[in-house]
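User: I am new to this structure and would like a guided look at it. Could you take me through some of its parts, one topic at a time?

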Amino acid sequence: MTMSHDQDVLNVQDEFIFPAVRPLYENPLVLTEGQGVRVKDIDGREYLDMFAGILTTSVGHCNSKVVARMSDQLKTLGHTSTLYVTKPQVEAARLLASIAPGKLSQTFFTNSGTEAIESAIQMAFVHTGRSEVIGLRQSYHGRSFMTSNLTAVGSWRPLATSFPGIKHVQTPYPYRCPYKQPCDASCTEKFANDIEDVIRTTTNGKPAAFIAESVMGVGGYIVPPEGYFERAAEIIRSYGGLFISDEVQSGFGRSGDHWFGIEHSNVEPDIMVMAKGIANGAPVGAMTTRPEIADSWQSKTISTFGGNPISMAAASATMEVMIEENVPARASEQGGQLLEGLLKFKDEFDWIGDVRGKGLMLGLELVENKDEKKPFASKAQALLESCREEGLLVGIGGLHGHVIRLGPSLLVTATEIEEGLERFGRACHKLGAR
Ligand SMILES: Cc1ncc(COP(=O)(O)O)c(C=O)c1O
């Protein structure tokens with residue numbers, strides 16, 4: 001069977017792919033090509049991609065430097081396993097250390113964010129000799145048994161069985177702050193108190209780690225109030241635990257001005273986890289830490305595909321492009337332009353309750369009305385579809401699926417942002433002001 005039409009492909013998907021793997025849109029989109037911030041579907045229709053395969057094609061679809069480096073590597077040496085040393089792996093690790101904050105210098109490469117988070121928690125348990133971890137409600141950390149339990153968005157947790165030792169604290173969520181509106185730095189202490197309270201009441205007082213996304217991704221691009229991470233780090237360290245920053249979405253310049261989202265706070269994490277944008281779509285995850293922490297992992301460990309030469313060539317080429325193009329500055333500038341445009345829509349439409357995020361990681365929280373802030377999931381779904389009709393790809397998230405998420409390639413230009421805003425505006429107008 002030749003699959004030349006979307007319906008043919010969709011039929012095969014239905015028959016042979018797990019139904020739990022649910023694509024976006026009522027009528028799923030079949031993509032066949034991509035270049036920069038543009039993708040094409042199977043019928044040749046072009047879209048402006050403002051979601052970048054979930055913030056992953058960080059330097060654009062089929063970036064020529066990344067493609068060339070991967071193709072060269074594929075023709076030279078395609079696989080070794082970590083039983084052998086390769087130049088591509090050590091080069092990628094060295095580049096990563098050159099942009100990682102402070103003393104974070106040693107890396108373990110994996111094939112996905114899930115695996116890297118799993119490794120980071122294991123690392124914290126091994127290093128501290130403890131086995132309890134504190135995470136945030138509304139966080140997303142992966143799809144394995146442990147990481148889906150660490151995840152605290154119910155719809156992404158497949159099992160009723162709990163992984164032992166995982167505790168969740170209050171979401172530092174300014175738009176829905178239970179303490180004060182508008183939420184500000186004075187609420188930080190109250191959110192932080194919850195961390196201490198959870199440690200004292202639900203653990204044996206000896207947690208191995210606190211883990212958080214520096215900007216919460218799947219949860220709806222939530223940015224904690226000022227000073228939150230400084231307090232969280234102080235508290236977890238006062239109980240002898242490590243601070244782990246999940247930079248899977250917010251890393252590599254995405255949040256603007258800095259290479260990693262946590263650098264907006266005055267906190268140097270003990271362990272940092274990355275994936276997605278690190279290799280422009282090649283399957284790479286990474287956990288990076290200080291040598292004395294890495295040293296405490298004394299048992300043997302291996303990854304057959306982690307650190308694979310082709311993936312590592314992609315990671316190095318992607319990081320080199322990011323450094324050449326100074327993507328933290330670009331994300332700040334283009335993100336500022338995008339934020340300004342989106343804020344205008346907030347004034348115009350009753351159902352846009354909040355516009356927020358950092359750099360090129362921006363979201364709109366949709367509500368039934370601005371006073372009661374009831375999540376408006378059906379409107380978010382309608383807006384997603386309406387954007388598609390306008391040839392614009394965006395994402396969706398939030399606990400109720402009511403947050404529209406934008407996260408284009410970090411090389412997106414001012415003109416492309418302008419075009420995206422025009423298309424987004426037309427998509428919003430189709431849904432009416434109320
Ligand atoms: C913040 C965060 N951590 C971890 C993961 C898991 O990464 P992966 O899907 O590569 O396993 C994701 C994926 O969306 C994520 O957003």
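**A strand and its surroundings**

Analyst: Leu242, Ile244 and Asp246 point one way from β8, Phe243 and Ser245 point the other way, and all are buried. Buried means under 20% relative accessible area, exposed means over 50%, and partly exposed lies in between (1.4 Å probe, protein chains only). Helices (H or I, at least four residues) and strands (E, at least two) are DSSP runs, numbered from the N terminus. In a regular strand the side chains alternate between the two faces of the sheet.

User: Before we go on, what kind of model is this?

Analyst: This is a predicted model, in which local features need pLDDT of at least 70 and side-chain atom pairs count only at pLDDT 80 or more, while totals for chains, interfaces and linings use all residues. Residues are numbered from 1 along each chain as its sequence is written, and side-chain values use heavy atoms, with hydrogens and water left out.

User: Back to β8, then. Which strands pair with β8, and in what sense?

Analyst: Strand β7 (residues 209–213) pairs with β8 in the parallel sense over five bridges. Strand β9 (residues 271–274) also pairs with β8 in the parallel sense, over three bridges. Two strands count as paired if DSSP finds at least two bridges between them.

User: What do β7, α8 and β8 make together?

Analyst: With helix α8 (residues 228–238), the strands β7 and β8 make a right-handed β-α-β unit. A crossover is right-handed if, with the strands pointing away from the viewer, the path from the first strand over the helix to the second runs clockwise.

User: Now the open sheet. What is the order of its four strands?

Analyst: The order is β1-β2-β3-β13, and the pairing is mixed. β1 and β13 (392–393) are the edge strands, each pairing on one side only. Strand β2 (residues 38–41) and strand β3 (residues 46–49) run antiparallel and are joined by three bridges. Lys40 stands opposite Glu46 in β3.

User: Let us change topic to the backbone. Where is the cis peptide bond?

Analyst: The cis bond joins Gln181 and Pro182, with omega about -10 degrees. Pro182 is in the loop between β6 (166–169) and α7 (185–202).

User: And which residues other than glycine have a positive phi?

Analyst: Tyr25 is one of them, with phi near 75 degrees, and Leu55 is another, with phi near 60 degrees. Tyr25 is found in the loop between α1 and β1, whereas Leu55 is found in helix α2 (residues 52–55).

User: Why does Tyr25 count as buried?

Analyst: Tyr25 counts as buried because its relative accessibility is 9%. Leu55 is buried as well, with a relative accessible area of 2%.

User: Next, helix α13. How many residues does α13 have, and how far does it reach?

Analyst: Helix α13 (residues 414–430) has 17 residues and reaches 25 Å from its first C-alpha to its last, close to the 24 Å expected at 1.5 Å a residue. The expected span is 1.5 Å times one less than the number of residues. Its buried residues include Glu416, Leu421 and Phe424. Just after α13, Gly432 takes a positive phi of about 85 degrees.

User: How many salt bridges does the structure hold?

Analyst: There are 19 salt bridges, where a salt bridge is a side-chain nitrogen of Lys or Arg within 4 Å of a carboxyl oxygen of Asp or Glu. One of them brings together the side chains of Arg231 and Glu189 (2.9 Å, N to O). This pair links distant parts of the chain, with Arg231 in helix α8 and Glu189 in helix α7, 42 residues apart.

User: Which salt bridge partner does Lys430 have?

Analyst: Lys430 meets Glu389 through their side chains (3.1 Å, N to O). Lys430 belongs to helix α13 and Glu389 to helix α12 (residues 377–389), 41 residues apart. Lys430 is partly exposed at 46% relative accessible area, and Glu389 is partly exposed at 49%. Elsewhere, salt bridges that share partners join Arg176, Asp354, Arg356 and Glu365 into one network.
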